[in-house]
Amino acid sequence: MYIQGFVIPVPAEKKGAYLAVADRFDSWLMEHGATEVVEAWEERVEDGKQTDFRRAVAAVEGEKIVFSWVIWPDRETAEAAEKAMEGDPIMAEMGDMPFDGKRMIWGCFTPILERGR
C-alpha cells in the first residue's frame, strides 16, 4: 500500500464546485489504479497552540479544510498515474480549481502500521 495525503483550504461557498471537481478527478484516479479515495470536509477543526490544519495551509476566514487521501496498491502505480496525468486533457477540462492550489499541502507515505479495514 502507498498513500498520498492532502490538506486543502476551500472557500465554504465552493463546496459544491469542489465536490464536482473531486468526483471527476477521483474517478480518473480509480481508473488509473487507485484502490480508494476519500474526500473529507471539515466538521471540527480546532485551533492548536503551536500549529494546526488551518495554519498549515494559511486558511482564511470563510475557508473550510478538506482532508483527503488516495490509497494505491504500490508506489509504482501511483507514479505511473502521476506520469499519465501530464498532458491528459482531463486536467484542462476541469478548468479553474475552486481552491488556491498554492496553499494545498500533500505528501506520499508508506504505512508502518495498519489495523482494521
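Q: Axes are lines fitted to C-alpha atoms, and angles run from 0 to 180 degrees between N-to-C directions. In this predicted model, at about what angle to strand 2 does helix 1 run?
A: Helix 1 covers residues 15–31. It lies across strand 1 (2–11), strand 2 and strand 3. Its direction relative to strand 2 is about 170°.

Q: At about what angle to strand 1 does helix 3 run?
A: Helix 3 is formed by residues 75–85. It lies across strand 1 and strand 3. Relative to strand 1, helix 3 runs at about 45°.

Q: In what order do the elements of the chain run from the N terminus on?
A: The chain holds four helices and four strands. Read from the N terminus, they follow the order β-α-β-α-β-α-α-β.

Q: What is the radius of gyration of the chain?
A: The C-alpha trace spans about 40 × 40 × 25 Å along its principal axes. For 117 residues the globule rule gives 13 Å, and the value for this chain is close to that, so the chain is as compact as a globular protein of that length. The radius of gyration is 15 Å.

Q: In what order do the four strands form the sheet?
A: The sheet is open and its pairing is antiparallel. Strand 2 (36–41) and strand 4 (105–109) each have a single partner strand, so one side of each is left without a neighbour in the sheet. From one strand to the next the twist averages 15°. The order of the strands is 2-3-1-4.

Q: How many bridges join strand 1 to strand 3?
A: Strand 3 (residues 63–72) pairs with strand 2 over six bridges, in the antiparallel sense. Strand 1 and strand 3 also run antiparallel, and one of the bridge pairs has Pro-9 with Ile-65 of strand 3. The number of bridges joining strand 1 to strand 3 is 10.

Q: Which residue in strand 3 is the bridge partner of Val-37?
A: Strand 2 pairs with strand 3 in the antiparallel sense. Glu-39 stands opposite Ser-68 of strand 3. For Val-37, the bridge partner in strand 3 is Val-70.

Q: How many residues of strand 3 are buried?
A: Buried means under 20% relative accessible area. In the chain, buried residues make up 32% of the 117 residues. Strand 3 has 10 residues and is mostly covered; the number buried is seven.

Q: Which element gives the largest share of the core?
A: The largest nonpolar core has 19 residues, and those that touch the most other members are Ile-8, Val-10, Tyr-18, Trp-28, Leu-29, Val-70 and Trp-72. Two or more residues come from each of strand 1, helix 1, strand 3 and helix 3. The largest share is six residues, and the element that gives it is helix 1.

Q: With which residues is Leu-29 in contact, leaving aside its neighbours within four places in sequence?
A: Leu-29 is among the core members that touch the most others. Contact here means heavy atoms within 4.5 Å. Beyond its neighbours within four places, the contacts of Leu-29 are Ala-34, Val-37, Val-70 and Trp-72.

Q: What is the relative accessible area of Ala-58?
A: Ala-58 is found in the loop between helix 2 (53–56) and strand 3. Its phi is near 50°, a positive value in a residue other than glycine. Buried means under 20% and exposed over 50%. Ala-58 is partly exposed because its relative accessible area is 43%.

Definitions and conventions
Residues numbered from 1 in each chain as written. Predicted model: local features only at pLDDT ≥ 70, side-chain atom pairs only at ≥ 80, totals over all residues. Heavy atoms only, no water. Pairing = 2+ DSSP bridges. Buried < 20%, exposed > 50% of the residue type's maximum accessible area, 1.4 Å probe, protein only. Rg over C-alpha atoms; globule rule 2.2 N^0.38 Å. Core = buried A, V, L, I, M, F, W, Y, C linked by side-chain atoms within 4.5 Å.
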